[in-house]
Amino acid sequence: MGEITVNTPGLSAESTQASPGFWRRLVRTPNGFIGLLIVTILIVCAFGADFLAPYNPTKMGSGPRFLPPGSDFLLGTDEFGRDMLSRILYGSRLTLLIGAVAVGISLTAGMLLGMVAAYCRGWIETVLMRSADILFSFTETLIALACVAVLGPSLQNAVLAVSIAGIPFYARTCYSASLVEVSKPYFEASIAAGAGPFRMVFHHLLPNVLPTMIVVATLGVSTAILAAAGLSFLGLGAQPPTPEWGYMLAGSRDYINRAPWLMTIPGIAIAITVLGFNLLGDGFRTALDPKERDR
Amino acid sequence: MLSFLAGRLTMGLLTVFVTTILVTLLIHLVPGDPVQIMYAQSQGTTPEQMEEVRKSLGLDKPIPVQYFMFVGRLLEGDLGYTIRGGQPVLDVILQRLPNTIVLAVAAMAIAILIGVPIGFFAAYKQGTIWDVTLMITAIAGISMPHFWLGLILLFYFAVDLGWLPVSGGGPLNLVLPAVTLGLSNAAIFARLTRSSMIDVLSQDFVQTAIAKGLPQKLVLRRHVLRAGLIPIITMMGLQFAFMMGGAIVVENIFSWNGVGRMAVEAIFQRDYPIIQGFILTFAVVVVIVSIMLDAVYAFIDPRIRRS
Amino acid sequence: MTSTSLLDVENLSVGLRSNRSMTTVVSDLSFHLKQSEILAIVGESGSGKSMTAKALMGLLPAGARITGSAQFKDVDILANADRNVQAIRGTGIGMIFQEPMSALNPVLTIGLQMTEALRVHGLANQADANKRAIEMLDRVGISAPHTRLGQYPHEFSGGMRQRVMIAMTMLLEPDLIIADEPTTALDVTVQAQILDLLKEIVAETSIGMLLITHDMGVVAETADRVLVMKQGSRVEEAGVRTLFADPMAPYTKALLAAVPRLDGNLSSPSEFPDSDAPILEVRNLEKSFSKKSGFWRTQATTKALKNVSLSVQEGETLAIVGESGSGKSTLARAITRLLTVDSGRVIVNNQDFLALKGQSLRKARSDIQMIFQDPYSSLDPRFKIGRTIEEPIHIHQNIESSQARKRVDALLEQVGLTPDMADRYPHEFSGGQRQRIAISRALASSPKIIVADEPTSALDVSIQAQVLDLLLRLKKELSLTMLFISHDLAVVGKISDRVAVMRSGQILELGPTDRILLDPQHPYTIALLSAAPSPDPEREHRLRVDLPHIKDAGPLREIQSGHWVAT
Amino acid sequence: MRNFLGKHAICAGAFALALGGSIAAASAQDIVWARYGDIDTLDPHKATSTLSLQVWSLMYDTLLAVDADGNPVPHVAKSWTSNDAGTEYTFALNEGVMCHDGTPLDANDVKYTIDTAFDSEKPSLTKGSWGPISSVDVIDALTFKLTLDSPFVALVPFLADSFSSIICDSNKDAAGFGTDTAIGSGPWKLVSWTKGDKIVFEKNPDYKNFGKLAKNPGAPYMDGLVITTVPEPQARFAALKTGEVHIAEPPFDDVAAIKESGELQIMVAENTGQNVFWEFAVHRPPFNDKRARLAVAHATDAATAISLIYGDLSIPEYCPVSRGVFGNDQDFCAQYRPEYDPDKSRALLAELGYSEENPLETALLVWTGGNRQKLGEVFQAQLAEVGIKANIEIMDIGSLNARVRQENENTQGTTGSMDMMTWSWYDPDILYALWHTPGAYRGYTSPELDAILDETRVLTDPEARKAKVQEAFKYLLSNAIHVPLYTPGWEWVFAVRPEVKDFHIAPFVYPIFSDIKIEG
């Protein structure tokens, strides 16, 4: 995981409540606008791959081999005459799925752990958060690598590895966001009113840390995508003939002299996707942050 | 300060301790029989021989006993033997570890030298077109997969232009991997520096300094930069760990003979003793570096130094 | 004493950019300041008083628009601000900020921060600067000043830091000091010392001072002339005696009327016979906080509560008064079980409250409710206020939602709001309204006891008066028992039947309100009372009594019926 | 001042040059050979990878050597005799062979080598290939006798392979043998091994060549040999082009262009003994049924696949042991190997009840590297044509070996497992290791096949043995147990810089550097 954004500045209720204002603010920031645009295009590509893709992404000999980008094959063909455009389109579906599943798993687990630690305090807090700290210092790459070493290389395992590797990060982030809420008087007021743990965590805590976590998770999607692509690049993730971008990139290194576009295109695709989520996450943060908002 | 450092040291030792447990468990989490994997290349190993090996490795004992055996050997500097080639794991790792550390340090230097000034400048120009442009560039930098950036740099500077050698372990060979790893982290440093500096700029003491009539340059250099860099130092420990993690990928692209490349090879070869050793070494290095940085931090920040 | 004009501000207007539009925060403000004069600019939050100060120092955020002129020693510091302000900052006009905690750079030594401006302005070499810094520290009352130069801000207490701040400002020998709420963040006893120091300095050096404050007491004790501001505009300007004796503007009148006075109309305490069954009884509470350092070891244990016992009769209001760190909030939170104590008992309604668990605890909680200091964060921002108020009803009473809704409407009306507000979110309300909502939430479970932890200290004085009136009314109507935590003796005088004075986790004096305020016995109570600024410039300043050094106070002794003093 | 600056600039420049110089680790007289991976160990008893074997062949000697056709010839052993029963071999050694530490190589060194191979605690990984040796007797310094429990005809060819490298007994007391030190008697003497990076050799000035394929009868012409590890094919290629490296495997896709431009010489090893073949998990459905295996065999068009990936660098192989190995006969094998015939494959699948809706599903395990994953992708597509859904899993050879054995031991699975197995051996005895009970992978075995394979080990008459070996071929091919695909398969293509003269590759991919002279 690249950047630490544990301390997303206190998102005030004023900012997150008025949702129409929120989206307007989002598209007004350059980051948010570009990010939203990229992510929307990606989602369209992913859902529309069946209609948009001119060829079967895994069918060999759709065209001649090593055809440069041109009118028949917009992004050219690969070493087996497969259509690159179709592979990239189906790859976007895979990439989004990887990001969504990985973040979904680690976000859910991390948030639960973080909220429980912040709510329960005491030894539960110590054990949970110290463990998260320890795992966090290993960095996601290493944890993911260790998981793949145990589970064996495959795309599912890579996604699982990335999910597990992300948990400490989300747990820590959610924990520090929760601590802020837990120490606020409204929280104590509800406890004093006799609210039970379930109500406290799911009615009060969850909705209040959610905006922060959405920002973090959006940024996290990009990290997860990068991590999974990295594993596939190393040969520890997707297996052929999956049109996974990291794998495509790794598999086309040999053809750099003959067909440089085979390596360039998936690389650009990954970079743009990751950029899109990073910008969107940044835009969310700006739009939600009252300090930045008033500029 | 001492109690602060003692705390960090304890945390570091705890990290290493937990790592030893995880590493012992690792081999048991692997589906399949580790001994069979170890002897996959050996002809005609009989089940009796496999049983012998299992015994000699202590794999027939309960896991806690295995753990104490493992730690006992560890304390003697024995990390076991590689499956491929039967060499002492410690030797294999120690021969390559300096390369990874050199790479991580060089990349860190690049990241700091590029990232901190940019972040500082952006914070100073907060809200202007400079700030927006630099920060979008930084996000683009973070978004660039470094395996791709590495390949592009490799093909362009080493293969096409032939400016830099493509293999080996010399200082010139360090340039490309360090730049690859440094650039994306420079973007992270730029963002961290910016937010830290913006934080400081909004502090009352900056207003005090201005109100005293100090010239702007002095306010920025003495009051803003010093206070703003302290949180960056605390982030450096974590960033170093990320550098080590990033090195795993970059080393593979540039044939840099570090522990990262070794680890990926070991995963492919299912050479568990190396993987165990690697994880342990990684943890130890990260712990040592972060304790060192904590010490620097504790020394620089008077709030901790003088408490 | 000369009386040449030092600063002439004419038609000052300040606009700030927010969301692409300009908001005027100061409009058409003119005032004059002479040498040896203290001009107080007083106003409630949003009055533009701080913006005025910042505009004069050129410290407004980028994009602010300033018009008008400010002649300081023949220079218009607002025209060509960059150059002119730069020249007079520090040496011409010095500034003292509200937060002594954050106004000093935490990573630089006091010595460096004090001397750097002298060096930069070319007024002294380092050795000379150090010497002068030491002298000045001595002057502002910091002991062993030569050893202090090498120390860092965190090694000073809040009051000491403000002294350092003053010394740092004075070192440059400015002609004018702008003090922006210089004592707001300080305890009342420290505040008195700092105010005395500032007055002394002005008298001795015949400089001018612009004092920005919201506190009428501070104004009355310190200022020569007063400028009252409201929403960016001047309301009234007069000499301090004239203003307090004969305010012209209705706003000033209202403001002065709202200020609680120590010697004003004390609430006539009702007599509560010491019954055998008080509704709330606290016995021997002990609580210590340990600061974690290292992983295993815990260090620096501070005792927040030391063997605290008290009892409250049904319908009575007991005030707990103390400065920061006295343990008064800890006591409130211990009684409401928001934190766990080390030992001791809290008996509510003949029930051992601290021994309860699970469902029975949650039930018992409905009897004792809390009101918090900060009205902004004491409401869940994601709940409509109707839902917030309904929550305790929902938890404790199994009633239909339409009935619950009726109850919410009634509660809203009870605190002076309207039922249609139930569908709004907290951020749509003002601070005072939010505190009303918080009160109605506390009332929702029909509690017997209300614990109010500084419920008005975050509010402007006019709002504070309204909320206090509301609490008084509700207490009477609902015959509530109340535990009222406050640092402000004047507020306490208005609302409580009995007062307990706390310091360092102990109760030092406990008795009926009038006795404590008019005839205090314990030296600390006396010091506290003498330090409290009184909004009456005519009044003879009480003799400042130095704070007695109290380590461990002895047990309480009853010196008169119901009046207990620690030995 | 100016002078001062100038001086410093010169110093800085000199420093930069020194840095730059140090990366060209090899001096002008060193041969630099770049490979994709490193050796596992310097100890010939502890690894089996081709990468390791190639290096051992440079630093160690073997008793025998092979001629250009792969037949054993005398080398360190100048002659040998055996008794009629084939259970006793007596070897006479050449005089004057020196170990790198200066001690003469004698019968004791051979005994030490074989004894350590049979060490009870840490036997050699290839212990089984030494055969049933029961004792090694030193008769005199240059004569020793091997006694076997039963005849073992594969012993002689084994002694020509680097698996049987002679380890000088002076290694016995050396700390770190195999890791830091290794004393052999080969043409190249170990200077250092930096794991993962490079192995540095200097020439052995005392070297005497008796039987190895080099023309050079003595010490190598060049002073040193550096074997570096450069995993990225394009990086190796770039290093070749700049002259950083003299010899390396090029990226396969660029071979045609290299040949055309003529800037580098492309050399392809012959008689590699390498065989790439289909192998199946036969103890569970679907591949416990011969028809399923045949369906796969009929569906694979190896010729098209390899030409797509390797061009003309590889050729189809029809026999279970490859060209250059005893018994190989393309015409004979072609009669029995199931030919490419997708219709027949579909028919067999239909017979087994598979259809488009219900495809035969199987894992397809592939050894990583050498573009084999690409080849796997082509085979995957070919199998998909007839309705076989193959899920590729790429892994290292060690994992592959372990996994195949696991798959064979798993009798419960619901989907099939097949793998693109790779073996290189100098003798058809490999078939014994693979398919005689219990079988290296616990795969297919039958009493009938066991009987045939038993005989291939003891028949001392070459003609009779050849007939038996071919009987085994027929059995394996017609039952689709071992379906040969192509040869060679790994580390067999070399791009050589034009100034490098007289580089050759001996059978079984042993490159020879003794003859090399670098011109210019």
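Which residue of chain D forms a salt bridge with Arg258(A)? Select Arg258(A) and look across: the partner is Asp253(D), and their closest N and O atoms are 3.1 Å apart. A salt bridge here is a side-chain nitrogen of Lys or Arg within 4 Å of a carboxyl oxygen of Asp or Glu.

Before going on, know that this is a predicted model, where local features need pLDDT of at least 70 and side-chain atom pairs count only at pLDDT 80 or more, while totals for chains, interfaces and linings use all residues. Residues are numbered from 1 along each chain as its sequence is written, chains are lettered from A and ligands numbered from 1 in the order in which they are written, and side-chain values use heavy atoms, with hydrogens and water left out.

**Stop 1: salt bridges**

Stay on that pair. Arg258(A) lies in the loop between helix H10 (245–251) and H11 of chain A, and Asp253(D) in the loop between strand S11 (247–248) and helix H6 (255–261) of chain D, so the pair joins two chains. Helices (H or I, at least four residues) and strands (E, at least two) are DSSP runs, numbered from the N terminus. Arg258(A) is partly exposed at 41% relative accessibility, whereas Asp253(D) is buried at 12%. Buried means under 20% relative accessible area, exposed over 50%, and partly exposed in between (1.4 Å probe, protein chains only).

Over all chains, the structure holds 64 salt bridges. Next, select Glu407(D) and Arg284(D), whose side chains meet in one of them (2.7 Å, N to O). Glu407(D) sits in helix H12 (residues 397–409) of chain D and Arg284(D) in the loop between strand S13 (274–280) and helix H7 (290–299), so to speak distant parts of the chain, 123 residues apart. Both Glu407(D) and Arg284(D) are buried. For a network of salt bridges, pick Asp78(A), Arg82(A), Arg87(A) and Glu377(D).

**Stop 2: where chain A meets chain B**

Colour chains A and B. Here 49 residues of chain A are in contact with 50 residues of chain B, contact meaning heavy atoms within 4.5 Å. Together the two chains bury about 4,200 Å², 78% of it on carbon and sulfur atoms. Buried area is the accessible area (1.4 Å probe) that two parts lose on being put together, summed over both.

How many salt bridges are there between chain A and chain B? The count is 1: select Arg191(B) and Asp282(A), with closest N and O atoms 3.0 Å apart. On the side of chain A that touches chain B, the largest share, 12 residues, comes from H11(A).

**Stop 3**

Highlight Arg382(C), Glu391(C) and His427(C): they supply 24% of the area that chain C buries against chain A, more than any other three residues.

There are 2 salt bridges between these chains. Among the salt bridges is Glu188(A) with Arg333(C), the closest N and O atoms being 2.3 Å apart.

**Stop 4: a buried threonine**

Is Thr208(B) buried or exposed? Thr208(B) is buried, with a relative accessible area of 4%. Find it in helix H9 (residues 204–211) of chain B. Not counting residues up to four places away in sequence, Thr208(B) touches Phe97(C), Ala103(C), Met165(C) and Met168(C).

**Stop 5: rings**

Rings of Phe, Tyr and Trp (its six-membered ring) pair if their centres lie within 6.5 Å; planes under 30 degrees apart count as stacked, over 60 as edge-to-face and the rest as tilted. The structure holds 36 aromatic pairs over all chains. Select Phe169(A) and Tyr170(A), an edge-to-face pair with 5.3 Å centre to centre and 75° between the planes. Both Phe169(A) and Tyr170(A) are buried.

Finish at Arg387(C), whose charged end sits over the ring of Phe383(C), 3.6 Å from its centre. A charge sits over a ring if NZ of Lys or CZ of Arg is within 6 Å of the ring centre and within 35 degrees of the ring normal.
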